[in-house]
Each structure stands twice: as structure tokens, then as C-alpha cells.
Amino acid sequence: MPRSVPPELEPWIEQLAPALGLTAEEVPTNLLLGLTGQVAHGVTRPAAPVTTYLMGLAVAAGVSPQEATRLVKHELAAWEETHPQEDDA
């Protein structure tokens, strides 16, 4: 589901991506925002940026962003099964 993107985010990506040797088009903004939101709520907020970093390392090693997303979602589901939220109990 597309998320509302803060107005500063796209210009930031357009500035930062080339500095990192990427194009802004290579940044799956909605995918990352959606997935990190799920991780932040399913695990803990600090897990969101760490997860994004780990995904970046995996993509740099040759894993597609779609496969990295699938793997994170799989692990998140496993986490949520073994670590139920207090609200879920």
C-alpha cells in the first residue's frame, strides 16, 4: 500500500542517491516505508533502520529488493509468532 511520503523525502533521495553512486529511481521508497513500518510495529522502532541497513547489505550482495522484502516479511511473521505483542494477548 502506498504511504504518504513527506515532502522533504523525495528531494533528499534525489540529493543522496547520486552521492552513493545510485539514481533516485533505484530507491524503492514506498516498499521501504511500508516494510520498515511493519518492522517498527512488529518488533521495535529501532529495528526499522537496522532492518533497512541489513536489506541494503543483502541487495549489495546480489539479493533483489523484492527477495529481500520477502525474506524480511517471512522473518517478521516468525518473530510475531514467537513474540506476541501485549495488545495481541
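**Ground rules.** I'm working from a predicted model, where local features need pLDDT of at least 70, side-chain atom pairs count only at pLDDT 80 or more, and totals for chains, interfaces and linings use all residues. Residues are numbered from 1 along each chain as its sequence is written, and side-chain values use heavy atoms, with hydrogens and water left out.

**Overall fold.** I looked up the secondary structure and got four helices and zero strands. Helices (H or I, at least four residues) and strands (E, at least two) are DSSP runs, numbered from the N terminus. Along the sequence the pattern reads α-α-α-α. I also checked the extent: the C-alpha trace spans about 45 × 30 × 20 Å along its principal axes.

**Helix 2 on helix 3.** The axes of this pair lie 8 Å apart, and the packing angle is about 130°. For the record, axes are lines fitted to C-alpha atoms, for helices over the stretch in contact, and angles run from 0 to 180 degrees between N-to-C directions. Helix 2 and helix 3 are therefore oblique to each other; under 35 degrees counts as roughly parallel, over 145 as roughly antiparallel, 65 to 115 as roughly perpendicular and the rest as oblique. I noted a right-handed crossing of helix 2 past helix 3. A crossing is left-handed if the near helix is turned anticlockwise from the far one by less than a right angle, right-handed if clockwise. L31, L32, L35, T36, V39 and A40 of helix 2 make the contact (heavy atoms within 4.5 Å) with A47, A48, T51, T52 and M55 of helix 3. I sorted these residues into eight nonpolar, three polar and no charged. My classes: Ala, Val, Leu, Ile, Met, Phe, Trp, Tyr, Cys and Pro are nonpolar, Asp, Glu, Lys and Arg are charged, and the others, Gly among them, are polar.

**Helix 3 on helix 4.** Next I took helix 3 (residues 47–60) and helix 4 (residues 65–82), whose axes come within 9 Å and cross at roughly 135°. This pair is therefore oblique, and the crossing is right-handed. T51, M55 and V59 of helix 3 touch P65, A68, T69 and V72 of helix 4. By class I have five nonpolar, two polar and no charged.

**Helix 2 on helix 4.** Here the axes come within 10 Å and cross at roughly 15°, so helix 2 and helix 4 are roughly parallel. The crossing is left-handed. L31, L35, Q38, V39 and G42 in helix 2 meet T69, V72, K73, L76, W79 and E80 in helix 4. The tally is six nonpolar, three polar and two charged.

**Largest pocket.** A pocket is an open set of points on a 1 Å grid over the protein atoms alone where a 1.4 Å probe fits, with protein on both sides within 12 Å along at least five of seven lines, and lining residues have an atom within 4 Å of a point. I got 24 lining residues, with L22, V27, P28, L32 and T52 nearest the centre. Helix 1 (9–19), helix 2 (29–42) and helix 3 are the elements giving two or more residues to the lining. Helix 3 has the largest share, eight residues. By class, the lining has 19 nonpolar, four polar and one charged.
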